[in-house]
Amino acid sequence: MKRKTRVVIGVAVVLVIALAAGGFALWQVFGGSAPPPVALNSVSSSAGPTATDSAASAGLDGTWTIDATSGSLAEGTSSFAGYRVKEELAGTGANTAVGRTQNVSGSMTVDGTAITAMQVTVDMTMLQSDDSRRDERLRTDGLQTDEFPTATFTLTQPIEVGSVPKERQTIQAVAVGDLTLHGVTRSVQVSVQAQRNGDEIEAIGSVDVALTDYGIQAPTGFLVLSIANTGTIELHLLFQRA
């Protein structure tokens with residue numbers, strides 16, 4: 001009887017350890033699949049002329065600010081920033097971890113056919129994945145959002161797009177700037193796509209970063225066997241005229 005009791009207690013201890021150390025990845029084991037990579041919203045090609053079409057010759061000069069209230073974070077149609085990283089889990093193998101937040105602010109300045117300034121600030125404490133236990137652990141481990149609550153991107157070189165884009169015309173560019181993450185600032189090149197949707201400019205961007213470059217120690221535990229050193233930062237930004 002005593003032996004059986006010890007076995008039961010031992011199993012309970014193992015489960016507690018798994019929940020505490022491996023909670024970072026439990027949503028991957030029991031939850032659904034990760035959301036798809038960031039992409040531009042689809043826009044109906046049957047839409048009629050807009051005020052933006054008629055004002056195309058006047059350009060897009062001026063300051064544009066990020067709209068963080070429109071769209072849906074769950075559907076990936078709002079402004080958001082987030083991470084995507086691959087990990088290896090006990091019993092399930094390879095998985096992709098994704099966390100996102102709609103708490104994004106910032107602006108960009110357009111002068112003729114160039115974007116001359118841009119700054120984006122992300123509230124890292126509001127990152128959400130499929131499980132609150134995972135998000136809670138990031139407050140003290142990994143991203144350590146309690147200690148480093150914000151991340152920023154600041155453009156350091158103008159982005160020349162060649163001509164004023166037409167309505168729903170997709171442009172591609174590279175944004176060179178300083179990324180501050182986990183208290184460390186490094187120069188990065190962000191692959192960018194953008195399009196004009198009516199009186200809104202929609203932009204997406206992604207950049208691969210090495211966690212060790214930013215002093216980030218990947219959390220591991222009973223269920224998390226390993227986490228890739230390289231992760232992807234994703235941005236989906238909706239800009240409105242200031």
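How much space lies in the second largest cavity?

**Entry 1: ground rules and overall picture**

I am working with a predicted model, where local features need pLDDT of at least 70, side-chain atom pairs count only at pLDDT 80 or more, and totals for chains, interfaces and linings use all residues. Residues are numbered from 1 along each chain as its sequence is written, and side-chain values use heavy atoms, with hydrogens and water left out.

I looked up the secondary structure and found four helices and 11 strands. Helices (H or I, at least four residues) and strands (E, at least two) are DSSP runs, numbered from the N terminus. The chain has 242 residues, and 41% of them are buried; buried means under 20% relative accessible area, exposed over 50%, and partly exposed in between, with a 1.4 Å probe and protein chains only.

**Entry 2: the core**

I went to the largest nonpolar core next, and it has 41 residues. Such a core is a set of buried Ala, Val, Leu, Ile, Met, Phe, Trp, Tyr and Cys residues joined through side-chain atoms within 4.5 Å. Met108, Leu143, Leu181 and Phe239 have the most contacts inside this core. Strand S11 (residues 224-241) gives the largest share, five residues. I then followed Phe239: beyond its neighbours within four places in sequence, its contacts include Trp64, Ile66, Met108, Ile201 and Ala203.

**Entry 3: empty space inside**

Rolling a probe the size of a water molecule over the atoms shows where empty space is left. I used a 1 Å grid over the protein atoms alone: a cavity is a set of points where a 1.4 Å probe fits but cannot get out, a pocket is an open set with protein on both sides within 12 Å along at least five of seven lines, and lining residues have an atom within 4 Å of a point. Grid points are joined across faces, edges and corners, and a volume is the space filled by probe spheres set on the points.

I found three cavities of 30 Å³ or more. The largest has a volume of about 460 Å³, and of its 31 lining residues, Tyr83, Met124, Leu143, Leu181 and Ile233 are closest to the centre. I sorted this lining into 25 nonpolar, five polar and one charged; Ala, Val, Leu, Ile, Met, Phe, Trp, Tyr, Cys and Pro count as nonpolar, Asp, Glu, Lys and Arg as charged, and the others, Gly among them, as polar.

Back to my opening question: the second largest cavity holds about 370 Å³. Of its 30 lining residues, Met108, Ile115, Val192, Ala194 and Ala203 lie nearest the centre. S9 supplies the largest share of this lining, five residues.

I checked the largest pocket and got about 200 Å³. Among its lining residues are Pro35, Leu73, Arg100 and Asp130.

Lastly, I looked at backbone angles. Gln144 is not a glycine, yet it has a positive phi of about 50 degrees; it lies in the loop between helix H4 (132-137) and S6. Arg168, also not a glycine, has a positive phi of about 65 degrees and is found in the loop between strand S7 (159-160) and S8.

Key. Contact means heavy atoms within 4.5 Å.
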